[in-house]
Number of protein chains: 2
Amino acid sequence: MADIAHTVHVALGDRAYDILIGDSLLDDAGAILAERFPGRRYGIITDDNVARAQLPRLLKSLDAAGLGHTEIVLPAGEATKSWAYLGQAVEGILAARLERGDLVIALGGGVIGDLAGFAAAIARRGMDFVQMPTSLLAQVDSSVGGKTGINSPHGKNLIGAFHQPRLVLADLSTLDTLDARQFASGYAEVVKYGLIDDEDFFFWLEEHQAEIFAGGPARGEAIARCCAHKARVVIEDEKELGVRALLNLGHTFGHALEKDTGYSDRLLHGEGVAIGMVLAHGFSARLGLAPSQDSGRIAQHLKKSGLPTTLADIPGKLGSTETLMAAIAQDKKVSRGALTFILTRGIGQAFIEKNVDGAAVAEFLNEMRALPLSP
Amino acid sequence: MADIAHTVHVALGDRAYDILIGDSLLDDAGAILAERFPGRRYGIITDDNVARAQLPRLLKSLDAAGLGHTEIVLPAGEATKSWAYLGQAVEGILAARLERGDLVIALGGGVIGDLAGFAAAIARRGMDFVQMPTSLLAQVDSSVGGKTGINSPHGKNLIGAFHQPRLVLADLSTLDTLDARQFASGYAEVVKYGLIDDEDFFFWLEEHQAEIFAGGPARGEAIARCCAHKARVVIEDEKELGVRALLNLGHTFGHALEKDTGYSDRLLHGEGVAIGMVLAHGFSARLGLAPSQDSGRIAQHLKKSGLPTTLADIPGKLGSTETLMAAIAQDKKVSRGALTFILTRGIGQAFIEKNVDGAAVAEFLNEMRALPLSP
């Protein structure tokens, strides 16, 4: 039946679920769902790009299995993670008379996964949902772990819920339709797992980068290793009270940059994370915590992957350091006024530092603004 | 220090909390909060009526304890349980830079408690909150148990979250400012606890009704008994997978009537529940399940309390039976297409029936429409 290359189990007690990774899982989705969740109906939330590229495959598969469904198609793009489209998604679920025992399907990238998961979390005070991530970013990061939400004018992901999916189906073939920039953006999150606590994985990525980008078996293996890593972290700290915050390596800087560029095409999420990871390593080196050559080695690998690595790589004019610092302070990874950052002692040795001096961060950012484009 | 007449503990493991009931708890709130949650800031969500009547007392008390706070004042009324005001509440919390460790205070009746609790559930993916219920309905029912949410055009409370408060402060003096109709509406929920599974409580209410309405010690005792009852049910079934549904006695009919009257002053929530409870007992008698005299005895007690008890008691023209049945079917207490009702074998003997015949309900409603005003 279904051609499943890797299975990762997320052992979260009564909220446990599987991540299935394979070459054509959208075509097998109907059979898989019919077996695991007999008698349910499905509300598919997707965006217009993914609807064109992937929705027909999913619908064909659901129809073949005799599963009832309704579709809610939203505009593609980060701006969809808003109150207005959240309302549209939730009211669409209710209008279709989906019941508490029915399932929501999030078919798309990180934006759709976050939005649809949040809609499922609050429709009828909580419905089951299935993640069907169609971008690399979503397959290795956002579809796993239950963080769902939308953006606020005050910052990214400031509104949401912890709501675990019942199943994740990662169809590798969907990545073939991604443009190169989107794929590279997702790859930043892949690299992140190596940098956090798995030096060997980072070195393995350096070796297998070409195969991962070309779509060989190393791609599926990289995704499975990322999912297994994230699953371990989520099992240990589902609500991000502790160690899960390590997954934010590069994200505090990255979110501030994304906010400053208006969550636009000027800077994709993974691109902000790429620059943020280089900054986090550079800042850690500046504090005397990490070897100074690491940030260069990381930057080189990211650059080779088509990612920006310095502030100057961001097209257009960046806001002032004060503006960036305000965004950093408003980021939700703030605890009782002190700045919390993920710092590092080197590749694979990230740690949570809850008492970072804002003035030192501002000074470091000021210097980094003066650097030229990455070489 | 604080004059606490009754304490009810809701033993929900790591989400356990206390319900404190007393004569002037808003004046003691600052001291109580400072002791239980040191070093926090507070975002108070309330409505314009309650802001006039009670907010100054709370602010004085917080200021005296040196606690930082911000206030978000919304319009009074059921229409505030909407996407628009949910957004206003959440964005107000974020604009005030309240952090994940700070607390939201819901100061008001059921509408404010539901809305503010939901805002707390989703702001920064979950903040702590304190219920300070100022209506009888909120003190005996909606402030306890963690059901939060807003209304949809498709039905009441269809959007929300389970999010338990960290503390409930029920100040009995706030009930003195309620108008008689609001108090009576809340009293319908008090009666409900007796009808579900506590015949003795119903008889005690028949005896002590005058004292409860006049504000004697029986009022605090009635409220504490209701809270203890609800706490037991919530501990047993927090997410309403089973026995908690008994708390919906009278609510399926009631919600349909509220929807039909546009959630307006034509029919308050408790008034809908009052009629709904009489209908539930009448329908159960019709099915041969319950003694036919019970619905009369209940109607008499509710009528004496100033509550409507028949469809004809609702001012204005009611929608067709088909319209009411559609609202019943859309109510979230529907499971895989079959109608679920709370039926009863008599006073104090309610039970969940998952397989109710819609045609029989429609026929019963048709007959009830023909009845005159309650005598």
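These legends walk through several close-up views of a predicted model.

**View 1. The two domains of chain A, seen together.** Let us start with the overall division: chain A splits into domain 1, residues 4-177, and domain 2, residues 199-369. Taken over C-alpha atoms, the centres of domain 1 of chain A and domain 2 of chain A lie 26 Å apart. Where the two domains meet, domain 1 of chain A contributes 31 residues to the contact and domain 2 of chain A contributes 24 residues. Between them, domain 1 and domain 2 of chain A bury about 2,400 Å², with 63% of this area on carbon and sulfur atoms. On the domain 1 side of chain A, the residues that lose the most area to domain 2 are A:K147, A:K156 and A:F162, which together make up 23% of what that side buries.

**View 2. The face that domain 1 of chain A turns to domain 2 of chain A.** Here is a closer look at the polar side of this contact. The count between domain 1 of chain A and domain 2 of chain A is 10 residue pairs in polar contact. Four elements of chain A each supply at least two residues to the domain 1 side: strand 1 (4-10), strand 2 (17-22), helix 6 (136-142) and strand 8 (155-162). Helix 6 of chain A provides the largest share of that side, with 6 residues. Sorted by class, the side of domain 1 of chain A that touches domain 2 of chain A holds 15 nonpolar, 10 polar and 6 charged residues.

**View 3. Salt bridges in chain A.** The interface of domain 1 and domain 2 of chain A is crossed by 5 salt bridges. Please look for A:D176 and A:R219, whose side chains form a salt bridge with an N to O distance of 3.3 Å. In another pair, the side chains of A:K156 and A:E258 meet at 2.5 Å, N to O, again as a salt bridge. Because A:K156 sits in strand 8 of chain A and A:E258 in helix 10 (residues 251-260) of chain A, this pair ties together parts that are 102 residues apart in sequence. Over all chains, the count comes to 40 salt bridges.

**View 4. An annotated site in chain A.** In an unreviewed entry, UniProt gives the annotation "binding site" to A:E189, A:H251 and A:H269. These residues span 81 residues in sequence, yet no two of their C-alpha atoms are more than 10.1 Å apart, so they gather at one spot. One of the three, A:E189, belongs to helix 7 (residues 180-197) of chain A.

**View 5. A UniProt domain feature in chain A.** For residues 72-184 of chain A, an unreviewed UniProt entry lists "domain: 3-dehydroquinate synthase N-terminal". This stretch of chain A, residues 72-184, is 34% helix and 30% strand, and its end C-alpha atoms are 28 Å apart.

**View 6. Where chain B meets chain A.** Finally, we turn to the contact between the chains, which takes 43 residues from chain B and 43 residues from chain A. Chain B and chain A bury about 3,400 Å² between them, 46% of it on carbon and sulfur atoms. Across this interface of chain B and chain A there are 0 salt bridges, while 12 residue pairs are in polar contact. On the side of chain B that touches chain A, several elements each supply at least two residues, among them helix 5 (110-122), strand 7 (147-152) and helix 13 (321-330) of chain B. Helix 4 of chain B gives the most to that side, with 7 residues. By class, the side of chain B that touches chain A comprises 17 nonpolar, 11 polar and 15 charged residues.

Methods
Residues are numbered from 1 along each chain as its sequence is written. Chains are lettered from A and ligands numbered from 1 in the order in which they are written. This is a predicted model: local features need pLDDT of at least 70, side-chain atom pairs count only at pLDDT 80 or more; totals for chains, interfaces and linings use all residues. Side-chain values use heavy atoms; hydrogens and water are left out. Domain bounds come from an automatic or database domain assignment. Contact means heavy atoms within 4.5 Å. Buried area is the accessible area (1.4 Å probe) that two parts lose on being put together, summed over both. A salt bridge is a side-chain nitrogen of Lys or Arg within 4 Å of a carboxyl oxygen of Asp or Glu. A polar contact is a pair of N or O atoms within 3.5 Å; within protein, one must be able to donate a hydrogen and the other to accept it, and residues adjacent in sequence count only if both atoms are side-chain atoms. Ala, Val, Leu, Ile, Met, Phe, Trp, Tyr, Cys and Pro count as nonpolar, Asp, Glu, Lys and Arg as charged, and the others, Gly among them, as polar. UniProt positions are given in the numbering used here, feature names are shortened, and annotations may be inferred rather than shown by experiment.
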